[in-house]
Amino acid sequence: MKKFSFKGGTHIHKAAEKKNLTVSSEVEILKSPEYLYLPLNQQLGKPSIPIVNVGDQVKAGQKIAEKDGAFSSNLHSPISGTVEKIDYLINEPTGNRSKAIVIKNDFNNQEIAFIKRSTQEALGLTSKNITDIMEEAGLVGLGGATFPTSIKYTGNKKCEMVILNGIECEPYNTADYIIMKKHYKEVIRGLKYMLIASGAPKGVICVEDNKMDVYEAIKNELKGEPAISVALFKEKYPQGAEKQLISALTKKEVPYGGLPIDIGIIVNNVGTAMALCEAVEEGKPLTHHYLTVTGNVSSPKNYLVPIGTLFSEVVSEDDLAKNKVLLAGGLMMGKAMYTTHTPVTKGINAVICLEDMPNKGPELPCVRCSSCIDECPAFLEPTTLANLVKYNKYDQLEENGLLACIECGTCSYVCPSHIQLLDYIRHGKYELRRR
Amino acid sequence: MENFMKKISFSPFAHSGDSVKKAMLDVIIALLPVVLASILFFRTDSVLLLVATVGSAIIFEYLSRKVLKRYNSVDDLSAVVTGLILALTLPPATPIPIAIFGSFIAIVVVKQLFGGLGNNIFNPAAAARGFLLIAFSVPLTTWTNPATAAYVDATSSATPLAIVKSIMLNIKAGDLEVAKEAYNTFISDPSHLIQLLFTGNVAGSIGETSAIAILIGLIYLVIKKRIHLEITLTYVLTSFIVSLIIGLIYGFGLLFPLISILSGGLLFGAVFMATDWVTSPNTKKGRIIFGVGLGVLTIVIRLFSNFPEGVLFSILIMNMIVPLIDRHTKNRIFGKVKKNEKK
């Protein structure tokens with residue numbers, strides 16, 4: 001069986017690879033909490049603009065904030081209740097502070113009337129119809145980048161292939177696995193709508209070889225579907241990075257500083273495909289998603305949570321007491337939160353508790369072992385970049401390819417001298433932006 | 001209720017668990033077969049040299065860091081590795097004070113004065129060995145036979161390299177016939193000669209004679225992924241090809257390149273000295289250039305210079321141009337098109 005792989009990257013060692021914690025546990029549907037905190041800044045672009053007022057009654061699925069410009073997105077209420085505040089400042093999982101709409105749950109669970117379509121009807125929609133649905137439902141890339149999905153499908157460039165990313169190379173996360181295991185049919189239908197929206201003749205679902213069961217399931221389901229195929233990838237970090245995934249599958253590289261559409265490819269997460277399927281067939285906007293709660297907690301598992309749920313709702317007080325670190329996103333690319341008063345946003349699919357911060361030092365001199373260079377998936381020289389940053393030679397960063405860095409953290413992970421290479425590189429990026 | 005976390009930092013929140021100390025420990029383990037072989041063949045001479053250089057290397061490392069007011073770096077074990085490698089490249093009869101002076105040069109002058117581990121331009125052990133060879137050329141070119149002596153040349157305990165050198169000198173003098181005759185006596189019993197070179201039961205530096213011990217160390221390093229194999233391979237292969245060509249020119253036959261590789265410090269240098277992380281190039285491309293350069297220089301120095309051995313000087317010369325190699329062998333950055341390639 002052919003397995004695809006990319007050049008560079010590293011194997012996360014067994015002790016840190018903890019997918020087994022949550023991979024077989026039951027999914028818990030979180031009963032809606034009393035308050036939901038919905039940040040207005042859940043996408044790449046500008047924050048959405050609230051269209052409700054304090055004291056308004058809202059229903060589940062009702063739009064509460066509207067997109068502001070092309071790269072922004074709509075926001076919907078996952079529950080029915082009363083709007084308590086519309087400018088509540090809250091710590092976001094990205095590490096920023098942003099304004100949030102606070103909704104108090106009335107537990108009546110009243111829904112707005114969703115526009116339902118049968119699969120037959122849905123397959124008859126035009127490209128414009130589907131991109132409109134994407135835009136209206138507030139779909140953003142659920143892999144973590146939160147790039148508004150409709151933008152990817154409304155460009156002028158011709159799309160040759162849609163790739164669904166089901167790799168999930170983060171060592172703790174299993175939310176995408178659960179999606180593919182429980183909802184692979186919806187994922188495949190979502191991909192079909194994406195093919196309609198993009199006009200691409202071909203769709204590929206990408207799965208890593210540690211998820212053989214879903215690979216087989218999807219493969220069986222795809223019999224008699226010539227346009228869609230499923231591809232198997234070797235387990236390696238960061239296989240799920242968009243550009244590395246494309247180069248592994250097609251042997252084509254996204255140009256430096258470019259987007260996948262420049263070589264006729266659109267990449268979306270499997271979660272996005274499922275959300276699109278729901279939006280098209282049931283008319284439901286993006287209000288819930290799967291969240292892996294794992295690490296050093298008493299019962300690690302996947303939850304189906306409404307967006308806006310606070311971390312404190314899914315991580316108990318007892319669990320927090322025995323941990324010092326709370327991560328949002330993932331072990332390798334996530335962010336450490338300083339407080340549990342942080343809401344789950346569209347781009348967050350895991351909450352991880354760690355007993356302690358892993359060894360971050362002391363930083364010893366670089367011994368030029370070139371591990372970081374050999375394993376960098378963007379073919380950079382992290383140690384050279386770090387030295388340029390250290391000695392303030394910012395003008396040479398660009399020619400050394402700083403902007404190709406995808407911040408996967410492989411360099412910091414492998415460095416035997418415990419040099420936080422990625423921190424230097426991030427600082428270099430900041431300095432370049434500032435100039 | 002709001003709970004505050006005790007620690008925050010930036011991603012990634014995992015580490016491979018690797019460290020410089022572990023890497024150095026792996027090199028020390030890989031050197032153990034060589035150390036054992038040296039003790040087997042040269043007995044007390046070898047033990048005394050090893051203890052003296054390793055011990056003094058640790059002391060010099062500690063003292064120099066103290067004087068230079070830097071943190072204590074003895075526990076990264078790099079001084080132990082330097083001391084071991086230096087001792088293993090010395091002839092068995094080296095006077096102990098000279099060996100200790102060698103570790104002073106390696107640790108203090110070549111390593112610490114250049115900024116400590118990671119900043120040295122030259123491989124400390126190679127540079128110190130080269131310095132000793134020039135400064136104390138008589139004691140450092142006096143060879144004694146192994147205690148278990150098997151290969152005894154009629155005249156003295158000459159190393160295989162010295163014999164090759166004398167043959168080359170004959171050629172230089174124009175006595176091609178004499179040279180051929182000497183070479184034929186040298187390889188009169190080829191299987192025995194190769195066997196001796198493999199096991200290491202010949203005169204030579206205490207750690208450089210036994211090819212088998214070095215290969216065991218190499219295998220360990222490869223398994224542990226502590227070695228850039230492309231340097232070792234290109235180095236050995238280039239030396240083989242260059243000496244094959246020269247051998248064919250002088251009509252020495254096919255055994256000559258094999259003797260070139262197995263004799264002297266070539267294998268030891270290719271496995272333990274040229275592959276030193278700090279003083280070898282960053283990228284694969286650079287390492288291949290580095291290895292080819294080493295191979296050519298080693299054989300040329302061996303056969304055409306005044307020295308019988310070329311490993312040390314070839315390593316030192318190539319160390320000097322590593323920054324240059326690094327600058328011109330950068331990897332193509334992901335998504336960027338090569339300059340000479342059209343979009």
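In which sense do S4(A) and strand S6 (residues 63-66) of chain A pair, and over how many bridges? The two strands pair in the antiparallel sense, and two bridges hold the pairing. Before going further, please keep in mind that this is a predicted model.

That pairing belongs to an open sheet of three strands in chain A, with the order S4-S6-S7 and antiparallel pairing. Strand S4 (49-50) and strand S7 (75-76) of chain A are the edge strands, each pairing on one side only.

Strands of a sheet pair through backbone hydrogen bonds, either parallel or antiparallel.

Strand S1 (residues 3-4) of chain A pairs with strand S12 (residues 228-233) of chain A in the parallel sense, over two bridges. Within S12(A), Phe233(A) is the bridge partner of Phe4(A). Moving on, strand S11 (residues 202-208) of chain A runs parallel to S12(A), and six bridges join them. Here Val204(A) has Ser229(A) of S12(A) as its bridge partner. Strand S10 (residues 161-166) of chain A then pairs with S11(A), again in the parallel sense and over six bridges. Val204(A) turns up here too, as the bridge partner in S11(A) of Ile163(A).

Now step back to the domains of chain A. The domain assignment gives domain 1 (3-22 + 115-282) and domain 2 (371-434). Their C-alpha centres lie 29 Å apart. The contact takes 11 residues from domain 1 of chain A and 11 residues from domain 2 of chain A. On the domain 1 side, five of these residues are nonpolar, five are polar and one is charged.

Two packed helices are described by the angle between their axes and the distance between the axes. Helix H12 (residues 382-390) of chain A and H14(A) pack at an angle of about 55°, and their axes are 9 Å apart. The two helices are therefore oblique to each other, and their crossing is left-handed. From H12(A), the residues in this contact include Leu385(A), Ala386(A) and Val389(A), while H14(A) contributes, among others, Leu421(A), Tyr424(A) and Ile425(A). By class, the contact has eight nonpolar, three polar and one charged residues.

H14(A) also leads us to the partner chain. The contact between the chains takes 53 residues from chain A and 36 residues from chain B. On the chain A side, strand S16 (325-328), strand S17 (335-337), helix H13 (410-414) and helix H14 (421-434) each supply at least two residues. This side divides into 32 nonpolar, 13 polar and eight charged residues.

Chain B has its own pair of assigned domains, domain 1 (20-141) and domain 2 (160-327). Their centres, taken over C-alpha atoms, are 22 Å apart. Where they meet, 33 residues of domain 1 of chain B are in contact with 29 residues of domain 2 of chain B. Helix H1 (20-67), helix H2 (78-88) and H4 of chain B each give two or more residues to the domain 1 side. H1(B) gives the most, with 16 residues. By class, the domain 1 side has 23 nonpolar, seven polar and three charged residues.

Finally, have a look at helix H4 (residues 124-135) of chain B, which packs against helix H13 (residues 311-320) of chain B at an angle of about 125°, with their axes 9 Å apart. That angle makes H4(B) oblique to H13(B), and the crossing is left-handed. Among the residues that meet are Ala126(B), Gly130(B) and Leu133(B) in H4(B), and Leu312(B), Phe313(B) and Leu316(B) in H13(B). Their contact has seven nonpolar, one polar and one charged residues.

Conventions: Residues are numbered from 1 along each chain as its sequence is written. Chains are lettered from A and ligands numbered from 1 in the order in which they are written. This is a predicted model: local features need pLDDT of at least 70, side-chain atom pairs count only at pLDDT 80 or more; totals for chains, interfaces and linings use all residues. Two residues are in contact if their C-beta atoms, placed from the backbone, lie within 7 Å. Helices (H or I, at least four residues) and strands (E, at least two) are DSSP runs, numbered from the N terminus. Ala, Val, Leu, Ile, Met, Phe, Trp, Tyr, Cys and Pro count as nonpolar, Asp, Glu, Lys and Arg as charged, and the others, Gly among them, as polar. Axes are lines fitted to C-alpha atoms, for helices over the stretch in contact, and angles run from 0 to 180 degrees between N-to-C directions. Angles under 35 degrees count as roughly parallel, over 145 as roughly antiparallel, 65 to 115 as roughly perpendicular and the rest as oblique. A crossing is left-handed if the near helix is turned anticlockwise from the far one by less than a right angle, and right-handed if clockwise. Domain bounds come from an automatic or database domain assignment. Two strands pair if DSSP finds at least two bridges between them.
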